[in-house]
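I opened this notebook to keep track of what I looked up, one topic at a time. The entries below follow the order in which I went through the side chains.

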Amino acid sequence: MKAIIYTRVSTDEQAKHGFSLTKQELECKTFATRNSYEILKIFKEEGVSAKTTNRPQLQNLIRYCIENKKSIDSIIVWRFDRFTRKLEDQIALFGKLQKYGIKVISATENNEENATGNLMRNIIGSFAQYENDVKSERVKAGMEQAFLEGNWLWKAPIGYKMINKKLYIDDTKGTHIKKIFEDFATGLYRQTDLLAYLRENDIKISANTLCDLLRKPVYYGYLVNEKYSDKPIKGNFKPLIDEHTFYTVQAILNGNKAQAVPHLRQNPMFPLKQFITCPYCNQPLTGDTPHGRKGQKYYYYRCYNKDCIAHFNIAKDKLENNFVEYLTKIKPEKPLLKLFKTIMKDVYNKSTEDTRKSYKILNKQLEGIKKQQK
């Protein structure tokens, strides 16, 4: 009779507890010799869990069995849970192999081909799955507790780095991420501007990734995950930005705060847009064009700062006329302009004369050096 051997360990810890590949292989070979099996091939699966059948060596084994089904009688495993830890997968795999006339046998467990043997294998499979499910529940409980204690459990977001499972600010990328948050919060930059800045500093991300990044509470020091908590949890790491900056960015993204991007400043309809500030909150005014009942347009400069106590607005014509009038008041009178012109000439002439004197002194020094060299 001919057989192949399959061995598996999932972690180094299993190897330390006697589940090593070497030990499994030795006992499988001893079993094969005792039962007159010729070993055709050995498949070794190292550091891979049996939660799924999508394992490299297991898939290689199945292909090998299909290609050589006429020459293989059995697959020898140290224990059935080396093959799979889910009863559903065990039944499916055993059934598939049996179609090719190949049976799975254990070097250390019951292999009887009767009702008792089938029951024992199913019980072993059920216990293996139970043990796997318990471990999974413990891992989930541990992750939930770690989350509630403020620990970041996933891959470090851009601008941070993981050291010994703790989140720390990346000195280089963190500076750039902080800058794009602060720039965007001013309302003077578009997301395309932020992308260009990041790419100039070797942080290449897509527009969708940037939008997602600007939404992440982790940057102001909070964790949000509905699976573990229905409210934000304060993280045990240093935030990149303050809470005010984060929520200002959210207001802009949600359309609740006016965004004064540079190209809109040149709108000919509102030439003073973003130049004149609100007299109550000192935030830049923006243009507004509300419609009347009959569809008539009205032009205003308006403060859209939600925290402004007055929500100041003023008619476009009134503000612009006042601005022109103000310019005429601060325009210097002609005598003052003449005086300014005279002063500028004196300064220029004095500077020129000083420069000429410096050149004369320098030339004399050079001539003296040349004479000494001769």
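Is Asp 212 buried, partly exposed or exposed? I looked this up first, keeping in mind that the model is a predicted one, and I found Asp 212 partly exposed, since its relative accessible area is 42%. I then checked its partner and noted that Asp 212 forms a salt bridge with Lys 216, with 3.8 Å between the closest N and O atoms; this pair falls within the 4 Å limit that a salt bridge requires. Lys 216 counts as partly exposed as well, at 29% relative accessibility.

Entry on the other salt bridges. My search of the whole structure gave 9 salt bridges, and I followed some of them up. Glu 25 pairs with Lys 29, the closest N and O atoms lying 2.9 Å apart, and because the two are 4 residues apart in helix α2 (residues 21-34), about one helical turn separates them. I recorded Glu 25 as buried, with a relative accessible area of 13%, whereas Lys 29 is partly exposed at 36%. I also wrote down that Glu 25 and Lys 29 belong, together with Lys 44, to a network of salt bridges.

For Glu 320 and Lys 316, I noted a salt bridge in which the closest N and O atoms are 2.8 Å apart. Both residues sit in helix α11 (residues 316-330), 4 residues apart, so that about one helical turn lies between them. Glu 320 is buried, with a relative accessible area of 17%, and Lys 316 is buried too, with a value of 10%.

Entry on the nonpolar core. Which members of the largest nonpolar core touch the most other members? Out of its 30 residues, I listed Ile 177, Phe 181, Leu 210, Leu 213, Leu 214 and Tyr 219. Helices α7 (173-185), α8 (191-200), α9 (207-214) and α10 (243-253) each contribute at least two residues to this core, and the largest share, 5 residues, is supplied by α7.

Entry on surface patches. I found a patch of positive charge on the surface where Arg 356, Lys 357, Lys 360 and Lys 364 gather. Arg 356 is placed in helix α12 (residues 334-373), and I recorded Arg 356 as exposed, because its relative accessible area of 51% is over the 50% cut-off. A nonpolar patch on the surface is formed by Leu 336, Leu 339, Ile 343 and Val 347, which together have about 380 Å² of accessible area. Ile 343 also lies in helix α12, and at 43% relative accessibility I counted Ile 343 as partly exposed.

Entry on contacts between separated positions. Where is Tyr 298 found? I located Tyr 298 in the loop between β9 (286-288) and β10 (300-302), and I noted that this residue is partly exposed, with a relative accessible area of 37%. Between the C-alpha atoms of Tyr 298 and Asp 288, which are 10 residues apart in sequence, I have a distance of 8.1 Å. Finally, I turned to Lys 2, which lies in strand β1 (residues 2-9) and counts as partly exposed at 33% relative accessibility. The C-alpha atoms of Lys 2 and Ile 39 are separated by 6.0 Å, although the two residues are 37 residues apart along the chain.

Key. Residues are numbered from 1 along each chain as its sequence is written. This is a predicted model: local features need pLDDT of at least 70, side-chain atom pairs count only at pLDDT 80 or more; totals for chains, interfaces and linings use all residues. Side-chain values use heavy atoms; hydrogens and water are left out. Patches are made of residues with over 30% relative accessible area and no salt bridge: like charges are joined within 9 Å, nonpolar side chains (Val, Leu, Ile, Met, Phe, Trp, Tyr) within 5 Å. Accessible areas come from the Shrake-Rupley method with a 1.4 Å probe; for residues, only the protein chains shown count as cover. A salt bridge is a side-chain nitrogen of Lys or Arg within 4 Å of a carboxyl oxygen of Asp or Glu. Lys and Arg count as positive and Asp and Glu as negative; His and the chain ends are not counted. The place of a charge is taken as NZ of Lys, CZ of Arg, CG of Asp or CD of Glu. Buried means under 20% relative accessible area, exposed over 50%, partly exposed in between (1.4 Å probe, protein chains only). A nonpolar core is a set of buried Ala, Val, Leu, Ile, Met, Phe, Trp, Tyr and Cys residues joined through side-chain atoms within 4.5 Å.
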